[in-house]
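Trainee: Can we go through this one together? I'd like to start with the side chains and then get to the ligand.
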Amino acid sequence: MTQTLRPLIAANWKMHGDLSWASKPTDFDRVYPAAERQHLDVLICPPATILASLADGGVLKGGQDCHAAVSGAHTGDMSSEMLKDAGASYVIVGHSERRAGGDTCADVNAKAEAVTRAGLVPIICVGETEDQRDAGNAQAVVSKQITDSVPDIADYVIAYEPVWAIGTGKTATPEDVDEMHNAIRAQVGAGVRLLYGGSVKPANAKDLLSLANVNGALIGGAGLEMDSLADIARAAPKA
Ligand code: PEP
């Protein structure tokens, strides 16, 4: 069953930006004022060094990853509680760039549970490689990742990001995205927001965001500039 879910437009800045970027939410609000976007949530996940300084601009703030523990001897890591302290309300976990660095589904599961423990919402990323898609295994791979990466929690977001479409300029066709999102919807149920990610840009946003089971987007490159992020956000359906 499909229900209307509030769109979530999420920008992952990855390792881009210094303190001079902290005012970007204000720029975003200038090009797409909060009063005109009451129907959607806009989220920016900057480098953690900027999180606490990020201007309001009527946007939500998030982390890009976390450690599963609350605190401890984990050099270079940060907990969800720390991200919350710095202003985050969402945390991305299981991004393919973190999975490529060694995060297993069990790690992602523990991180998602930790995000929930801190009172934040995890955005749990899943997606197949090009080889897995070419072998006809895309749906089976994504389904297993969801089974293994999603803990027993009520409030979470899934981001379907085919690995071959991230940062490559290759976008999955709306037909491919529709098919995958329908399968994910059947697995997770009606109340979970499903984001598509992988070379989303203003030119393809409308086709992707108007699919029945696409409830928003996770955006890398096109989310660094506030004009293009605003153009993508404007493509989200109103109801
Ligand atoms: C991402 O990193 O999550 C992503 C989708 O990147 P891009 O939009 O640049 O493909």
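Trainee: Is Trp-13 buried or exposed?
Mentor: This is a predicted model, and in it Trp-13 has a relative accessible area of 0%. Buried means under 20%, so Trp-13 counts as buried.

Trainee: How many aromatic pairs are there?
Mentor: The count is three. One of them joins Trp-13 and Trp-21, with ring centres 5.2 Å apart. Their planes are at 75°, and over 60 degrees counts as edge-to-face, so that is the label for this pair.

Trainee: And what about Phe-28 and Tyr-32?
Mentor: The ring centres of Phe-28 and Tyr-32 are 6.2 Å apart and their planes are at 55°, so the pair is tilted. Phe-28 is buried at 0% relative accessibility, and Tyr-32 is buried at 3%.

Trainee: Which charged residues sit over those rings?
Mentor: The charged end of Lys-24 is over the ring of Trp-21, 4.0 Å from the ring centre. Arg-234 lies over the face of Tyr-32, at 4.3 Å from the centre of that ring.

Trainee: Switching to the ligand. Which residues are closest?
Mentor: Of the 14 residues that surround the ligand, the closest are Lys-14, Glu-161, Gly-167, Ser-199 and Gly-220. By class, the shell has eight polar, four nonpolar and two charged residues.

Trainee: What does Lys-14 do there, in terms of distance?
Mentor: A polar side-chain atom of Lys-14 is 2.5 Å from a ligand oxygen. For Glu-161, a side-chain N or O atom is 2.7 Å from an oxygen atom of the ligand. With Gly-167 a polar backbone atom is involved, 2.7 Å from a ligand oxygen.

Trainee: How much of the ligand does the protein bury?
Mentor: Taken alone, the ligand exposes 290 Å², and the protein buries 95% of that.

Key: Residues are numbered from 1 along each chain as its sequence is written. This is a predicted model: local features need pLDDT of at least 70, side-chain atom pairs count only at pLDDT 80 or more; totals for chains, interfaces and linings use all residues. Side-chain values use heavy atoms; hydrogens and water are left out. A residue is near a molecule or strand if one of its heavy atoms lies within 4 Å of it. A polar contact is a pair of N or O atoms within 3.5 Å; within protein, one must be able to donate a hydrogen and the other to accept it, and residues adjacent in sequence count only if both atoms are side-chain atoms. Accessible areas come from the Shrake-Rupley method with a 1.4 Å probe; for residues, only the protein chains shown count as cover. Ala, Val, Leu, Ile, Met, Phe, Trp, Tyr, Cys and Pro count as nonpolar, Asp, Glu, Lys and Arg as charged, and the others, Gly among them, as polar. Rings of Phe, Tyr and Trp (its six-membered ring) pair if their centres lie within 6.5 Å; planes under 30 degrees apart count as stacked, over 60 as edge-to-face and the rest as tilted. Buried means under 20% relative accessible area, exposed over 50%, partly exposed in between (1.4 Å probe, protein chains only). A charge sits over a ring if NZ of Lys or CZ of Arg is within 6 Å of the ring centre and within 35 degrees of the ring normal.
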